[in-house]
Number of protein chains: 2
Amino acid sequence: MVTGSEADAVAGAGAGAGALYRRVAADLREAIAAGEYGSGGRLPAEQALAAHYGVSRGTIRQALAALRANGLVTSRRGTRRVVLGTTRVQSFSELVSFTSWARSLGEEPGGRVDRIERRPATAYEREQLRLPADGEVILVLRARTLSGQPVMVERSVYPLWVGELVARIPADAVSHTEPLQEQGVVFADADHTIDLAAADADDARLLGCDLAAPLLRERRRSTDPSGAPLECSEDRYMPGTVAFTVHNSLAGSALTRRQAAP
Amino acid sequence: MVTGSEADAVAGAGAGAGALYRRVAADLREAIAAGEYGSGGRLPAEQALAAHYGVSRGTIRQALAALRANGLVTSRRGTRRVVLGTTRVQSFSELVSFTSWARSLGEEPGGRVDRIERRPATAYEREQLRLPADGEVILVLRARTLSGQPVMVERSVYPLWVGELVARIPADAVSHTEPLQEQGVVFADADHTIDLAAADADDARLLGCDLAAPLLRERRRSTDPSGAPLECSEDRYMPGTVAFTVHNSLAGSALTRRQAAP
DNA sequence: GCACCCGAGTTGTATAGCCAACCTCGGTGC
DNA sequence: GCACCGAGGTTGGCTATACAACTCGGGTGC
């Protein structure tokens, strides 16, 4: 947008997310995606945007910081911001949840629980889930499909209080995060580690690939808003079905390279 | 820190990076890494930190936003921040540059240019590097080692003005980004796509693996501070040598899942 | 003993203003 | 034609303030 002459552009953009700066950010995202400034084009100055949206410069800067973190625009002292790309940005739920990701692509996601077991936590799991020495966990092994095609095997390890909720979900439920959310279990932060793994017997059986076939592996540890560990999962994807993308920049980044564990 | 009673803790922490909030952030990072608040412990309130460091609450919030983006602390309305992890955070250069990453781990990085060619850009490269229809590029194929062991094959495609600088670097130079930086070529933003690829003849020869062996692939597009494309690279890692880690949260994230290209 | 409510503490959002650092571009001088 | 300089425009950084929204624990009332 940023074309009209009135200052109520934000109100006109609809009551999106509550915060003002989020609505401004969403509007700018749309404008960029629509190619309103072109690729490599320049954004209006902060002051101009502030005047247009009828908000303070601080609010505009908050909105622009979000766009910058997503790799949509550059940002350097002395020059107007430059459009880097028009990449559509996915919401957090599309990241943590295979289901909402698939749906946002127009694909038909599916899932089927293969096995649930309750057992003592391994040392690794105790550390990740911050459990005591005699802590127990619930492991859920689940095959995930895209339009009927098996695409990923998910091994999620939950602390008991979450696992017991998960165990009550029907085995062929498409989504697990949605029913959990309804019961007040909210995923807020996640750490991901991406590398490569060889298919074991379960993977081969559920994905229909050979034993020891190479798979793209994503290990994930999720916490709720209070920082309490909710889940510790290992997902293995069939090659050629998904890729992970990350943006980072000089001014703060979330991506790191790591030496693989032995 | 946050233990003394004086307000000049920042000055005492040494003249690190110029900006105040960066120094505060660095100091808090250290304190967290030292386990000063424990894992799952609570940080002091913003006001307390502001008083301690002798800065305004706004500056403290800037510092804390950086920690939060790196997944070190949570952040929700109504409660003090909670320490999520003590993950060491790498600088941007350790991400874009294999060399500084390896050095920060105490490993001995190496590199050897295998081949340099100048050729017309493919359609994909023209789009990524924003080149005209008859644009040309310089391709550099390079093997990278860790303590002598071949670990990664790097295929970097540069626009001519960068490629000509790269071509002047000795074939066995350890780092390419450092000499480039000295000549004013600064990497500021990068988009990464991570998936899996099969080794081709070059990979097999340089890495000593079988043809079609599975490799972890990272495709990268880097731009300079003005948003001008600098590089468009495809790196292939031997399995078990590196993993990529990412943090994301409800409040803005850089990671996305993508459907693999056909 | 239990549910409820209220209030203190804390972070989120928004505003306003100031100065420094920096980039760009046009004009000047040679 | 070329190098240099400077003015204006723009973002980065920092401060101060105010209020809203939320968490959590303790006290009250039943």
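Visitor: How many salt bridges does the rule find across the interface of chain A and chain B?
Guide: In this predicted model, the structure holds 48 salt bridges over all chains. Across the interface, the rule also finds 14 residue pairs in polar contact, both residues at pLDDT 80 or more. For salt bridges across the interface of chain A and chain B, the count is zero.

Visitor: Which elements of chain A give two or more residues to the side that touches chain B?
Guide: The contact involves 61 residues of chain A and 61 residues of chain B. By class, the chain A side has 31 nonpolar, 20 polar and 10 charged residues. The elements that give two or more residues to that side are α5 (92-96), α6 (98-104), β4 (189-198), β5 (214-223), β7 (242-249) and β8 (255-259) of chain A.

Visitor: About what area do chain A and chain B bury between them?
Guide: Carbon and sulfur atoms account for 53% of the buried area. The total that chain A and chain B bury between them is about 5900 Å².

Visitor: Which residue of β7(B) is the bridge partner of A:Asp191?
Guide: Strand β7 of chain B covers residues 242-249. Six bridges join β4(A) to β7(B), and the two strands run antiparallel. In β7(B), the bridge partner of A:Asp191 is B:His247.

Visitor: Which residue of β5(A) is the bridge partner of A:Ala197?
Guide: Within chain A, β4(A) and β5(A) pair in the antiparallel sense over 10 bridges. In β5(A), A:Ala197 has as its bridge partner A:Leu215.

Visitor: Why is β5(A) largely enclosed by the rest of the structure?
Guide: A residue is buried when its relative accessible area is under 20%. β5(A) has 10 residues. The strand is largely enclosed because the number of its residues that are buried is eight.

Visitor: Which residue takes a positive phi in the hairpin of β5(A) and β6(A)?
Guide: Eight bridges join β5(A) to β6 (residues 229-237) of chain A, and the strands run antiparallel. The hairpin has five residues between the strands, and the residue with a positive phi near 90 degrees is A:Gly227.

Visitor: Which strands hold B:Arg220 and B:Asp235?
Guide: B:Arg220 forms a salt bridge with B:Asp235, with the closest N and O atoms 3.0 Å apart. The pair links distant parts of the chain, 15 residues apart. Both B:Arg220 and B:Asp235 are buried. B:Arg220 lies in strand β5 (residues 214-223) of chain B, and B:Asp235 lies in strand β6 (residues 229-237) of chain B.

Visitor: Which helix holds both B:Asp202 and B:Arg205?
Guide: The side chains of B:Asp202 and B:Arg205 meet in a salt bridge of 2.8 Å, N to O. B:Asp202 counts as buried at 15% relative accessibility, while B:Arg205 counts as partly exposed at 48%. The two residues are three apart, about one turn of the helix, and both lie in α10 (residues 201-207) of chain B.

Visitor: Is B:Glu125 buried or exposed?
Guide: The side chain of B:Glu125 meets that of B:Arg119 in a salt bridge of 3.0 Å, N to O. The cut-off for a buried residue is under 20% relative accessible area. At 7%, B:Glu125 is therefore buried.

Visitor: Which residue has its backbone nitrogen 3.1 Å from a polar atom of the side chain of B:Ser175?
Guide: B:Ser175 lies in the loop between α8 (160-167) and α9 (177-182) of chain B, and is buried at 6% relative accessible area. A polar contact of 3.4 Å joins its side chain to that of B:Thr177. The backbone nitrogen at 3.1 Å belongs to B:Glu178.

Visitor: What separates the C-alpha atoms of B:Ile169 and B:Val113?
Guide: B:Ile169 is found in the loop between α8 and α9 of chain B and counts as buried at 12% relative accessibility. Not counting residues up to four places away in sequence, B:Ile169 touches B:Ser175, B:His176 and B:Pro179. B:Ile169 and B:Val113 are 56 residues apart along the chain, and their C-alpha atoms are separated by 9.6 Å.

Technical notes. Residues numbered from 1 in each chain as written. Chains lettered and ligands numbered in written order. Predicted model: local features only at pLDDT ≥ 70, side-chain atom pairs only at ≥ 80, totals over all residues. Heavy atoms only, no water. Contact = heavy atoms within 4.5 Å. Buried area = accessible area lost by both parts, 1.4 Å probe. Salt bridge = Lys/Arg side-chain N within 4 Å of Asp/Glu carboxyl O. Polar contact = N/O pair within 3.5 Å; in protein donor to acceptor, adjacent residues only side chain to side chain. Helix = DSSP H or I, 4+ residues; strand = E, 2+ residues; numbered from the N terminus. Nonpolar A, V, L, I, M, F, W, Y, C, P; charged D, E, K, R; others polar. Pairing = 2+ DSSP bridges. Buried < 20%, exposed > 50% of the residue type's maximum accessible area, 1.4 Å probe, protein only.
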